[in-house]
Amino acid sequence: MRIAMTINGRREEHDVEPRTLLVHFVREACVLTGTKVGCDTSSCGACTVLVDGESVKSCTMLAAQADGAAITTIEGLAAADGTLHPMQAAFQENHGLQCGFCTAGMVMASVSLIEEQPSPTERDVRLGLEGNLCRCTGYHNIVKSVLVAAEAARQ
Amino acid sequence: MIPAPFDYIRAGSADEALALITEHGDEAKFIAGGMSLLPLMKLRLATPTVIVDVGRLRELSYVRVDGGTVAIGALTRHRDLETDALLGEHCGVLQAVAAQVGDNQVRHRGTIGGSVAHGDPASDLPAALLALDAEFVVRGPGGERTIPSSEFFLGFLETALAPDELLVEVRVAATGRNGFSYQKFNRRAQDWAIVGALAVRGITATRVALVNMGSTPLRASAVEQALASGASVADAAAQADAGTEPVGDLNASVEYRRHLARVLVRRALEAAV
């Protein structure tokens, strides 16, 4: 079947099998490999992307279900001149990553979280990121990064 | 993990969805958010050959209050329930339970109707709706019928919904801001409940439901009866596992689940004021 969606502002139209998962559409058809496949069972959140502005686990959504949607992946956050998105900058400045495998998903989930809860407490951030696992257990600095980014966004 | 091959058809209306499911027969399945169905398909525990996508039927996404009844469209997402001011005012308990389903990403996709139709005893909303004596409005080839929640959950992932019927609405009596407490016990934040207990206070009676204590969501009838005859919270909660048949798994043995049910029902009753 032929499906089309906007990914990071760019139209992507491809022929896919109906069973193609959104994460495979993004990684293989669109060659945007910043989005990772982690657990592949919608537990870990490494595959989190934004679908019409909301965080979704792209390993548990059919590409066909996203036909016509606007998708944002980690590649779409920074400005055209390379300036990092405030959430990316906060992760970098606060050492919000260790091995980096969960990072794209963490950042995307955090962008969605701050959109919905502009003034989160530390507890809000921990609850809001419950769908994202960091196997390095680097949660402390991840939470700190999100709080810093939220603070920056409010100013 | 990739699902087995299937044909995908997106329905433009509820009537079209019903016509499609009738046309394609038993091998066809509705998909809404897909939060329950897609994992099963990826593990090939479910292998429908036709998927009818009802996820975009906005006509079935709403919360309405009419007199003392709260009507919720089957395709209302958990996220919508979590943020709907009307629901918070008229049925705060359902809002609080919806906010505990899965995680943010799951709540952005999953729907109340999908959760009910899946009929998982470990899910939060089916048990909550059982406690609230919900009614489920389903539409099929012969028109609409209403199924009481007490007659809906028949077995593990088995409901009274016929393969050619679509759940269209969930109805509950408004509880206003009556006291309630949902105690969900799990090991990782986003997981299904190992055991869950919900207590809802009412003017005349307290209703108690159990998550993951058998093949279906359950009412803790012995607890409700004990409370109705004046038993203390501690004495009533001691009967929380009466009549249940929980299974043991990697997370908990049968005895541990029974213990959790008694403890969580006591906590829920103490907190629901």
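This is a predicted model: local features need pLDDT of at least 70, side-chain atom pairs count only at pLDDT 80 or more; totals for chains, interfaces and linings use all residues.
Residues are numbered from 1 along each chain as its sequence is written, and chains are lettered from A and ligands numbered from 1 in the order in which they are written.

Chain B contains 11 helices and 14 strands, where helices (H or I, at least four residues) and strands (E, at least two) are DSSP runs numbered from the N terminus. The radius of gyration of chain B is 18 Å, close to the 19 Å that the globule rule gives for 273 residues, so chain B is as compact as a globular protein of that length; the radius is taken over C-alpha atoms, and the rule is 2.2 Å times the number of residues to the power 0.38. Along its principal axes, the C-alpha trace of chain B spans about 55 × 45 × 35 Å. Of the 273 residues in chain B, 52% are buried, a residue being buried if 20 or more other C-beta atoms lie within 10 Å of its own, exposed if 12 or fewer, and partly exposed in between, with C-beta atoms placed from the backbone. Among contacts in chain B between residues at least 6 apart in sequence, 60% join residues at least 24 apart; two residues are in contact if their C-beta atoms, placed from the backbone, lie within 7 Å.

An open sheet in chain B is formed by 4 strands in the order β11-β12-β13-β14, with antiparallel pairing; two strands pair if DSSP finds at least two bridges between them. The edge strands are β11 (180-185) and β14 of chain B, each of which pairs on one side only. Over 6 bridges, β11(B) pairs in the antiparallel sense with β12 (residues 195-201) of chain B, and F185(B) stands opposite V195(B) in β12(B). Helix α8 (residues 124-131) of chain B lies across β11, β12, β13 and β14 of that chain and runs at about 155° to β13(B), while helix α9 (residues 221-228) of chain B lies across β13 and β14 of chain B, at about 160° to β13(B). For these angles, axes are lines fitted to C-alpha atoms, for helices over the stretch in contact, and values run from 0 to 180 degrees between N-to-C directions.

The largest nonpolar core has 132 residues, of which L94(B), A128(B), V195(B), A197(B), L198(B), A209(B) and V265(B) touch the most other members; such a core is a set of buried Ala, Val, Leu, Ile, Met, Phe, Trp, Tyr and Cys residues joined through C-beta atoms within 7 Å. The largest share of this core, 8 residues, comes from α3(A). Leaving aside neighbours within four places in sequence, A209(B) is in contact with residues including A127(B), A128(B), L130(B), A131(B) and L198(B).

Elsewhere in chain B, strands β4 (residues 63-66) and β5 (residues 69-73) pair in the antiparallel sense over 4 bridges, with V65(B) opposite V70(B). This hairpin has 2 residues between its strands, and G67(B) takes a positive phi near 60°. Most residues other than glycine have a negative phi. R44(B), however, has a positive phi of about 60°; this residue lies in the loop between α2 (37-42) and β3 (50-53) of chain B and is exposed, with 11 other C-beta atoms within 10 Å. N212(B) has a positive phi of about 65° and lies in the loop between β13 (206-211) and β14 (218-219) of chain B, but N212(B) is buried, with 29 other C-beta atoms within 10 Å.

Strand β1(A) is joined by 6 bridges to the antiparallel β2 (residues 10-15) of chain A and by 2 bridges to the parallel β5 (residues 70-72) of chain A. T6(A) stands opposite R11(A) in β2(A) and opposite A70(A) in β5(A).

Between the chains, 24 residues of chain A are in contact with 21 residues of chain B. On the chain A side, the elements that give two or more residues are β4 (54-57) and α3 (103-116), and the largest share, 4 residues, comes from β4(A).
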